[in-house]
Amino acid sequence: MYHNRGDSTYTGESTTYGDFSGLDDLWTERPEVVRGMERIYQRWVRDFAVDGFRIDTVKHVNMEFWTQWATALDRYAAERGRKDFFMFGEVYSADPAVTAPYVTRGRLDATLDFPFQDAARAYASQGGSARKLAAVFGADHKYTTDKANAYEQVTFLGNHDMGRIGTFLKQDNPNATDAEILAKDRLANELMFLSRGNPVVYYGDEQGFTGSGGDKDARQTMFASKVADYLDDDEIGTDRTHASAAYDTGAPLYRRIADLARLRKAEPALTDGVQTERYAADGPGIYAFTRTDAASGQEYVVAFNNAGSERTATFATGSPDMTYRGIHGATGPVRSDGDRRLTVTVPAGSAVVYKAAGKLAEPTAEPTITLTAPAAGATGTVDLRADVDGGQLNRVVFAAQVGNGKWRTLGSADHAPYQVTQTLGTDVPAGTALRYKAVVIDSAGHTASATASSTTGTPPAPEVPRASSRDYAIVHYKRPDGDYDGWGLYAWGDLADGEATTWPAGHPFIGRDATAPSPTSSSGRAPRTSGSWSSTRTGTRTSPPTGSSTSPAPARCGSNRARPTCAPSGRTTPPRTRPRPSCTTTAPTGTTTAGACTSGRAPRTPPTGRGRWSR
């Protein structure tokens, strides 16, 4: 039940199918593995009433597994009254295009927000441009589904793998004083606690822990340590070393984090209010947004400044002629003008929060909406965008129909630009009609709607795997009629001892590949399946057959034993003789091919370097 590919090289398909630093990689394409993993985690839900799961190394497992597994776990938890069951995964990448699909396609609720971590470090520690933060939050629509959005992303500043925020601060600012490092650490935590997402503090960060790097260098104990490598670590904002315990509730970072937690609790919109970007300096300086309670209309202005001197910015808010009073990092009030514009000054390396004295006014005009569909020929993941005029605190809900399938909700957007994504499965034929609808509702309950349409194109051809030196071959065979009864692989040529078969006998398949239907597929068809066979080779290079009927599923199997790992499948009675489609493949120079499909009788002398499907 393992892939048996050896240690991962973390490139190409090895990222998914290779062993993770010696840990055997489960064969997660197999249906029985998926079902088994579902049962294991269902028991945790049933017997121990857990609230959710933090899932490690998510990107090293095929996407189809997550789609099936997460959907099953959500359904199981909901049936037992756990409507808010929460699953988030570690997808180690700072690119939202890499992390977001595990929410939209993989059906997890969130991922660890590595893109935020990367941008927060750049801004708070390295004096980077506010535009990098804007780019991360500007990609939030990529996480939107019918059940999740970016507000559920799990934000953090450092962890056990990469290292602590304190470590990064000292690496990025080697000549800074302890007071300067402390100020940057405070700013980083303010950024995390006051922006969208679920903030996570890595233990010890509240005590100012640093360390020389990640992994074991970031796993200091809270109690007094005798580990030599830890004893010379600084603890930011203190004179303490790891020779003494670190449970100090008076530590400066502990107090700042506690203050921020209390602020979020007292002002719930700072936790889950609509986040609307208002200003982003092109370089070091101010980054500002508003957080607004969608139910009450209470608005807050949040602004950060990573520059070495105070900065001032003027930007739009939600209310004209409104007074905003400081509730964090600021004292005196500020007031917006008749055009809703507000001027804010933020001290160097600090954050400020202002709370509006009144609620947002009722909208003066009902909303109108236009909808832009993807261009004709759409494939893969596409964007859908709506433009709204009028209204106030608008929310847009998007739905789509693929072909004659059911209408499906894609998700909703609560601020401009109003966008969601849709993933079109590779099984959707070119020329399939795409229909879209968007409905906007404002704070007064006014609604408007718009429709649009497009058509699908032909998905790009899958990338052809490059040949590599291995001691085994992996063969996938897909029959359009789904009938594998009696079929096996006839093999000959330069094979390891015991691998060759005598025609018409062949190696039986060892399992079935499994893929989940695309979430946007309207066909309702069962998952595609194919047979898989594996064999070990010695002293030769192998290449997969070209032109054979291989499965389009990204499933793999393998064996590192001296003989193929074959579970008997198909019938044991003599095979029927009937015409079958024929195809053959010739191995490239210097290689041999493990198998190809053919029909009819076996040749008297099989051509060297070929294989045949036998029945």
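## Basis

Residues are numbered from 1 along each chain as its sequence is written, and side-chain values use heavy atoms, with hydrogens and water left out. Because the model is predicted, local features need pLDDT of at least 70 and side-chain atom pairs count only at pLDDT 80 or more, while totals for chains, interfaces and linings use all residues.

## Helix α3

Helix α3 covers residues 63-79. Helices (H or I, at least four residues) and strands (E, at least two) are DSSP runs, numbered from the N terminus. The 17 residues of α3 should span 24 Å at 1.5 Å a residue, and its end C-alpha atoms are 25 Å apart, which agrees. The expected span is 1.5 Å times one less than the number of residues.

Of the 17 residues of α3, 12 are buried, so the helix is largely enclosed by the rest of the structure. Buried means under 20% relative accessible area, exposed over 50%, and partly exposed in between (1.4 Å probe, protein chains only). The buried residues include M63, F65, W66, W69 and Y76. The buried residues of α3 pack against α2, β1, β2 and α5, where contact means heavy atoms within 4.5 Å. Just after α3, G81 takes a positive phi of about 80 degrees.

## Helix α7

In helix α7 (residues 130-138), the buried residues are A130, L133, A134, V136 and F137. They cover an arc of only 160 degrees around the axis, which puts them on the same side of α7. The arc is that of the directions from the helix axis to the C-beta atoms. An α-helix has 3.6 residues a turn, so residues three or four places apart point the same way. The partners of the buried residues of α7 are α6, α9, β6 and β7.

## Aromatic rings

The structure holds 18 aromatic pairs. Rings of Phe, Tyr and Trp (its six-membered ring) pair if their centres lie within 6.5 Å; planes under 30 degrees apart count as stacked, over 60 as edge-to-face and the rest as tilted. Y92 and F114 form a stacked pair, 4.4 Å centre to centre with 20 degrees between the planes. Y92 lies in the loop between β2 and α4, and F114 in helix α6, 22 residues apart. Y92 is partly exposed at 36% relative accessibility, whereas F114 is buried at 2%.

Y279 and F315 form a tilted pair, 6.4 Å centre to centre with 40 degrees between the planes. Y279 lies in strand β6 and F315 in strand β9, so the pair ties together parts that are 36 residues apart in sequence.
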